[in-house]
Amino acid sequence: MTGRDPRYDILFEPVRIGPVTAPNRFYQVPHCTGFGYAFPNALIGHRRVKAEGGWGVVSTEMCEIHPSSDVMPYIETRIWDDSDIAHHARMTEAVHEHGALAAIELAHGGIVAQNLYSRVPPMGPASLANPEPHVPTQSKRMSGSDIADLRRWHRQAAERAVKAGFDLVYVYASHNMGIPGHFISRRYNDRTDEYGGSLENRTRLLRELIEDTKEAVGDRCGVVVRLGVEDFIGSDGITPDEARDVIAMLAELPDLWDVNVNDWPMDSSTSRFEGEGFQEPFISFVKSVTTRPVVGVGRFTSPDTMVSQIRRGIIDMIGAARPSIADPFLPKKIAEGRVEDIRECIGCNICVSGDIYHVPMRCTQNPTVGEEWRRDWHPERFAPGGSDSHVLVVGAGPSGLECALTLARRGYGVTLAEARGTLGGRVADESALPGLSAWGRVRDHRQHQLRQMANVAIYPSSRLEASDVRDFGISRVVVATGSIWRRDGIGPSNHAPVPGHDRTGVLTPDDLHAGKRPQGAVLVFDDDHFYLGGVIAELLRAEGCDVTLVTPNPMVSAFTANTLEQPRIQAHLIESGIRIETALNLAAIHGDHVLTACAYTGRQADPIACDHVVFVTSRLPEEGLWLALDGDRDSLREAGIASLDRIGDCVAPSTIAAAVHAGHTLARGFDGGEAPFRREHVVVGGPAS
Ligand code: ADP
Ligand code: SF4
């Protein structure tokens, strides 16, 4: 440890926010977790670790203030009535234990709150269709008394927040998910009363909610406004000019401005589309119209970028959601002069997919997310190993790297053997593809850590057969040999090989990773539906191929709807000149064309001319090594091998996040170090049914 670099001292200055003071400039802004009201222990455990890791402010996610703000099926927090105070109080205590401030993002979802649980009609400035596609509900136009009710509910929620011990209370007007934002937006507000028409009128509700909240919290809490300053839809939505006028009108009313861009897919852009600090051009005006401190986000992981934004007067506090998820100890690592140890967010939005899928959040880089309470996993602390065994890990993809690192942290001697000359497995391959370079951080972080450790030996260019493993003389073996893409087209839409799959000219992503390149007309058949099919189409198009992307799904890269990327990917592919054929299956491959069929009816559709087909359909586990070892237990015993395990894609191909988690899980539990995870139980109460 070298101690903090003085260049970063500014990041550790306290910041006054109204009546309270944050101990430093690191501000974990509100972010969804998928824990919310359903998994409160997980939520408390997760927020506690952030405070311990040095975040000066730790916020909740969107917190529904009333049954009419019920955003189910999304799992956010609730402060509907006094019965919700107790678990919030547990969270604020956990945060305070580590000297941080606790913030609550009071929210009324307005037209996006479908109220599927409470069954109250949604409400908004006008009678509007739910902006989420495919949701057949409309809001009611709020009357004057509805607005008075809303103000009362918000005030009561703020009073409860004070009782729960929060230090900062939000008024939420961002992401098209906060009702004051709906009132400000011309596309939603066609009112002719004092809440419609001029910008001043459309801002009235936000002003009133800030004033009400200030009155409710008195000098106990700071009041924060979260405002999205750009909708990216021109004058139909909020533009930076209009946002400037809103902030100028209310400049000194809140104690802090938390500013970002709308809507959520833009605010949480993936690294495929935006780099670190990408929001700067949109929010840089804010400090010129208010003297209040300003927090902004931008997937900050570099302390130099953070210092630069502060010194240049863009923001006062470093807002972070994803970087705080990927590394809850990011501030402490900077404070301790351990910048190289930061586990940088890769901008993949697997964390977001938890919320969209209505399940607890997970993270590609940080396998301990969601496990802080459930399994007592701490991101930086590891129980010592249960024996003095040495472990051979075969395969240095995400699962092997994570397993090796966690075993080494527990004190085991680790030998890591990798067939290729470089480490990283699939992330080494995929990070070389267009837009995915940040994914290399999964490898870089682990490789860097492993190389510092005296108890680790790494052998690249070492493809091991079963006899090599037995001859190694290491008594504990973990197989992490990954997976390969199928060459036969089998996937969710085809359960038998696609006729013609064995023709020359048929390729897989592995062929492309190995440097093979098709030319001329190429058809990418994407039956995987995550990012890779689209990225490969983009790669080949950029290299001059005439590319057609065929997918049986009605949308390209359909699963990326869960990482907030789908519309952007589809637009990008169209703009790149890729021909897109959706809802189409591949029936057979011939020399210079393929036969296709409608994905719904199975009826024959038009053939497509092409010289090459790239199958991105599904993967086969590389389980040969494990099968050879496991199938000959006598030889294992004779070789003195006491345990044989397998992890990651060679068990069941999945996401990189799943592989990292699998590697971590095995290493944490090695030598029986782990109990089964704890469940959260719903407590039955109230009148007998
Ligand atoms: P995962 O996602 O499960 O970590 P990957 O496919 O990303 O899987 O990585 C698996 C790694 O294992 C690859 O780098 C591959 O080269 C390596 N590998 C596969 N078979 C062997 C083997 N027999 N010996 C050593 N390394 C191997
Ligand atoms: Fe970052 Fe991906 Fe982790 Fe989300 S899941 S915090 S985007 S690394």
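**Figure 1. Overall dimensions of the protein chain in the predicted model.** For 689 residues, a compact globule would have a radius of gyration near 26 Å, and the 27 Å of the protein chain agrees with this; the radius is taken over C-alpha atoms, and the globule rule is 2.2 Å times the number of residues to the power 0.38. Along the principal axes, the C-alpha atoms of the protein chain fill a box of roughly 75 × 65 × 60 Å. The secondary structure comes to 23 helices and 28 strands, where helices (H or I, at least four residues) and strands (E, at least two) are DSSP runs numbered from the N terminus. The model is predicted: local features need pLDDT of at least 70, side-chain atom pairs count only at pLDDT 80 or more, and totals for chains, interfaces and linings use all residues. Residues are numbered from 1 along each chain as its sequence is written, chains are lettered from A and ligands numbered from 1 in the order in which they are written, and side-chain values use heavy atoms, with hydrogens and water left out.

**Figure 2. The surroundings of ligand 1.** Ligand 1 is surrounded by 22 residues, and the closest are Ser-399, Glu-418, Arg-426, Leu-464 and Asp-649; a residue counts if one of its heavy atoms lies within 4 Å of the ligand. This shell divides into eight nonpolar, nine polar and five charged residues. Ala, Val, Leu, Ile, Met, Phe, Trp, Tyr, Cys and Pro count as nonpolar, Asp, Glu, Lys and Arg as charged, and the others, Gly among them, as polar. The space taken by ligand 1 is the second largest pocket.

**Figure 3. Polar contacts of ligand 1.** A polar contact here is a pair of N or O atoms within 3.5 Å. A polar backbone atom of Asp-649 is 2.8 Å from an oxygen atom of ligand 1, and a polar backbone atom of Ala-419 is 3.0 Å from a nitrogen atom of the ligand. From Arg-420, a polar side-chain atom lies 3.5 Å from an oxygen atom of ligand 1. Taken alone, ligand 1 exposes 580 Å², of which the protein buries 94% (Shrake-Rupley method, 1.4 Å probe).

**Figure 4. The surroundings of ligand 2.** There are 13 residues around ligand 2, and the closest are Cys-345, Cys-348, Asn-349, Cys-351 and Cys-363. Helix 11 (322–326) and helix 13 are the elements that give two or more residues to this shell, and helix 11 gives the most, with three residues. The shell around ligand 2 divides into eight nonpolar, four polar and one charged.

Figure 5. Met-72 and Pro-73 are joined by a cis peptide bond with omega about 15°; Pro-73 lies in the loop between strand 4 (57–64) and strand 5 (77–78). Another cis peptide bond, with omega about -20°, joins Asn-262 and Asp-263. Asp-263 belongs to the loop between strand 11 (256–260) and helix 8 (264–267). His-358, a residue other than glycine, has a positive phi near 65° and lies in the loop between helix 13 (350–357) and strand 14 (390–394).

Technical notes:
A polar contact is a pair of N or O atoms within 3.5 Å; within protein, one must be able to donate a hydrogen and the other to accept it, and residues adjacent in sequence count only if both atoms are side-chain atoms. On a 1 Å grid over the protein atoms alone, a cavity is a set of points where a 1.4 Å probe fits but cannot get out, and a pocket is an open set with protein on both sides within 12 Å along at least five of seven lines; lining residues have an atom within 4 Å of a point. A molecule sits in a cavity or pocket if more than half of its atoms lie within 2 Å of its grid points.
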